[in-house]
Amino acid sequence: IQEDLRYEFKTFTRIPNTNVFVFVIKGLANSSLKGMNELTTKVYENFSIQAEQGSKKYSYSQSFFLSKTTMTDEHYKYDVFKKLFKKWGINMNTAKEEYEANGLIVLRATIMNPYIATIRRTTKQNLIRDFVWELHKCANENAARIR
């Protein structure tokens, strides 16, 4: 992985306690919640098929997928995330307003292939490493564009 990282993964817990990894992506040059949501969304778009927007990609042509959800003030009040936002380095002068207007966009990754160990052993292909590398590359490229 490159040393000139332009982003950080931010998680809700130190260590996931299930096979679902929930995270956001924050650009190092951007401390706004709006910017973090934008970067997280751009990465999501790279790991999803936007069929409703006319995408003609097929699921078998894409190696990895992410899912996303938007946590909103309707279900999760700002105070639920206030400590996390501060810990993540979000600008606290605008965080409440941005959260109430747009929510918090989070991504979910899960391992759904029961043959990961077999594939690694028989083909030497490391799917988890490949996914992390692709995720890194996409996050770094998009973080450079979002200021």
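This is a predicted model: local features need pLDDT of at least 70, side-chain atom pairs count only at pLDDT 80 or more; totals for chains, interfaces and linings use all residues.
Let's begin with the overall layout. The chain holds five helices and four strands, and starting at the N terminus they come in the order β-β-α-β-α-α-β-α-α. Of the 147 residues, 36% count as buried. What about contacts along the chain? Taking those with a separation of 6 or more, 62% link residues 24 or more positions apart.

Now for the inside. In soluble globular proteins, nonpolar side chains tend to be buried together. Here, the largest nonpolar core has 17 residues, and I25, V43, F47 and L66 are the ones with the most contacts inside it. Two or more residues come from each of strand 2 (20-27), helix 1 (33-46), strand 4 (104-110) and helix 5 (127-145). Helix 5 gives the largest share, five residues. V43 shows how such parts meet: leaving aside residues up to four places away in sequence, V43 touches I25, L66, L107, L135, C138 and A139. There is also a second, separate core, made of 14 residues, with L33, Y78, F81 and L84 among them.

Y78 turns up again in a polar setting. D73 sits in the loop that runs between strand 3 (67-71) and helix 2 (78-88). A polar atom of the D73 side chain lies 3.4 Å from the backbone nitrogen of Y78. Apart from residues up to four places away in sequence, D73 touches Y78, Y99 and E100.

Y99 leads on to helix 3, which covers residues 95-102 and has A95, E98 and Y99 as its buried residues. Why do these three count as being on the same side of helix 3? They cover an arc of only 100 degrees around the axis, so they share one side. As a general rule, an α-helix has 3.6 residues a turn, so residues three or four places apart point the same way. The buried residues of helix 3 pack against helix 1, strand 3, helix 2 and strand 4. And which exposed residues does the opposite face carry, the one turned away from the buried side? Those are E97 and A101. Just past the end of helix 3 comes G103, which takes a positive phi of about 75 degrees.

Notes. Residues are numbered from 1 along each chain as its sequence is written. Side-chain values use heavy atoms; hydrogens and water are left out. A nonpolar core is a set of buried Ala, Val, Leu, Ile, Met, Phe, Trp, Tyr and Cys residues joined through side-chain atoms within 4.5 Å. Buried means under 20% relative accessible area, exposed over 50%, partly exposed in between (1.4 Å probe, protein chains only). Contact means heavy atoms within 4.5 Å. A polar contact is a pair of N or O atoms within 3.5 Å; within protein, one must be able to donate a hydrogen and the other to accept it, and residues adjacent in sequence count only if both atoms are side-chain atoms. The arc is that of the directions from the helix axis to the C-beta atoms.
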